[in-house]
Amino acid sequence: MKKINRIRIFSVFILGILFILLNSCFNYEMAEPKPEKPVPAPDDYEAIAAGYGHSLALSHELYSIFNTLWAWGDNTYGQLGNGSTINKNIPVFIGYGFTAISAGGSHSLALMHDTLFVWGSNRFGQLGDSTYLDKSSPVQIGCGYSTISAGFSHSLALKNDGTLWAWGDNTYGQLGDGTNENRNTPVKIGSGYSAIAAGGRHSLALKTDATLWAWGNNEYGQLGDSSNE
């Protein structure tokens, strides 16, 4: 009986450590990109995201527990995240451990479990790092996130508690905070959300009660509210 109890105690201890690791916000050290790393095979990709002129993809390497992030295309603003502003016509390795990606007009978002990383154009504060400076390598801006969506020059994110956050260009009210002021840090919009989608200059979101919400530019009726205002 004593042996069984020790095994149970040890198992609970290990599970507790894993829970803490997977639900904690760390200051991750990003590995330097390795240009010599071979491009993944065509059947190794697991997730994709297309921006205005750049592309992102997650692949899974054999015998590895971590996904690898790759990027290619336009890199004028550092939106590939490889530490340069040189365009790439083949996938280049960005880093390990990412779990979700979203490509905006000229910026990129990625999650590493619940920790949010951003890079690329930051003219309107769409990186949310409290500056308006472009970043050519991933920058960590917060944790507790579950879902991300990058618009043309604004960003949306859901946290684990269902709260909606937005930042970046707000010319057309696409952030949903009741103003037209650009924001260079995440602003809380509301709670009770379950899904998000950032468009060019408008935003959509679903609430947990299955209701659909829309805001931002409505020039073409993209908000679906029977108007063009």
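Y96 is partly exposed, with a relative accessibility of 32% (partly exposed lies between buried, under 20% relative accessible area, and exposed, over 50%, with a 1.4 Å probe and protein chains only). The model is predicted: local features need pLDDT of at least 70, side-chain atom pairs count only at pLDDT 80 or more, and totals for chains, interfaces and linings use all residues. Residues are numbered from 1 along each chain as its sequence is written, and side-chain values use heavy atoms, leaving out hydrogens and water.

**Aromatic pairs**

- Five aromatic pairs are found in the whole structure (rings of Phe, Tyr and Trp, the last by its six-membered ring, pair if their centres lie within 6.5 Å; planes under 30 degrees apart are stacked, over 60 edge-to-face, the rest tilted).
- One of them joins F93 and Y96 edge-to-face, at 5.0 Å centre to centre and 65° between the planes.
- F93 is buried, at 2% relative accessible area, and ring pairs link W70, F93 and Y96 into a cluster.
- F98 and F117 also pair edge-to-face, with 5.7 Å between centres and 80° between planes.
- F98 is buried at 0% relative accessible area, and F117 is buried at 1%.

- β13 is joined to β14 (residues 202-207) by five bridges, and A195 has L206 in β14 as its bridge partner.

Definitions and conventions:
Two strands pair if DSSP finds at least two bridges between them. Helices (H or I, at least four residues) and strands (E, at least two) are DSSP runs, numbered from the N terminus.
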